[in-house]
Amino acid sequence: SQRVVLRKPPGDRRHEFGFDRVFDVGAVQGDLFEEVEPLLPGVLEGGHVCIFAYGQTGAGKTYTLAGDRRRGEPGIQDLAVAELLRLAAQMRGGDGVDGSPGQAERQDAVTDEAAHEVRITALEIYNESIQ
């Protein structure tokens with residue numbers, strides 16, 4: 001864990017921030033997803049996950065979360081959803097690629113099928129207001 005303490009006038013108010021991980025400018029989407037991926041199985045077990053991007057305007061928060069569809073670069077959100085679908089298919093006995101069980105497994109998958117409800121919310125806060 002990394003800590004940063006800022007003093008801001010007037011009165012030199014103290015602001016303390018803690019970070020689990022800070023990525024440098026050379027980090028790519030895969031580097032960030034490596035941090036998120038181990039948290040995802042817990043979602044299918046009822047856990048909650050929050051992916052939070054913070055930074056100044058132009059720092060790359062939207063790109064990090066949403067990616068760039070024109071260039072075919074998925075964001076962390078898309079990668080996380082794809083992984084959740086893969087994990088859910090794997091739990092159902094499918095091959096984890098397209099979510100459908102193999103022919104030999106189809107009978108068992110129907111009787112042992114599990115249902116998962118996952119809710120995803122994306123918020124943008126700009127100048128201290130939700131957009």
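I looked up Val4 and found that this residue is partly exposed, with a relative accessible area of 35%; here buried stands for under 20%, exposed for over 50%, and partly exposed for the range in between (1.4 Å probe, protein chains only). The model is predicted: local features need pLDDT of at least 70 and side-chain atom pairs pLDDT 80 or more, while totals for chains, interfaces and linings use all residues. I number residues from 1 along each chain as its sequence is written, and side-chain values use heavy atoms, without hydrogens and water.

I located Val4 in strand 1; strands are DSSP runs of E with at least two residues, helices runs of H or I with at least four, numbered from the N terminus.

I then examined the pairing of strand 1. Strand 1 and strand 2 pair in the antiparallel sense over seven bridges, where pairing requires at least two DSSP bridges. Arg3 stands opposite Gly18 of strand 2. Four residues separate the two strands of this hairpin, and Gly11 in the turn has a positive phi of about 75 degrees.

I next asked which residues make the nonpolar surface patch of about 390 Å². They are Val4, Leu6, Phe17, Phe19 and Val22. Strand 1 (2-8) and strand 2 (13-19) each supply at least two of the patch residues.

Finally, I recorded the whole protein: four helices and six strands, with 18% of its 131 residues buried.

How values were computed. Patches are made of residues with over 30% relative accessible area and no salt bridge: like charges are joined within 9 Å, nonpolar side chains (Val, Leu, Ile, Met, Phe, Trp, Tyr) within 5 Å. Accessible areas come from the Shrake-Rupley method with a 1.4 Å probe; for residues, only the protein chains shown count as cover. A salt bridge is a side-chain nitrogen of Lys or Arg within 4 Å of a carboxyl oxygen of Asp or Glu.
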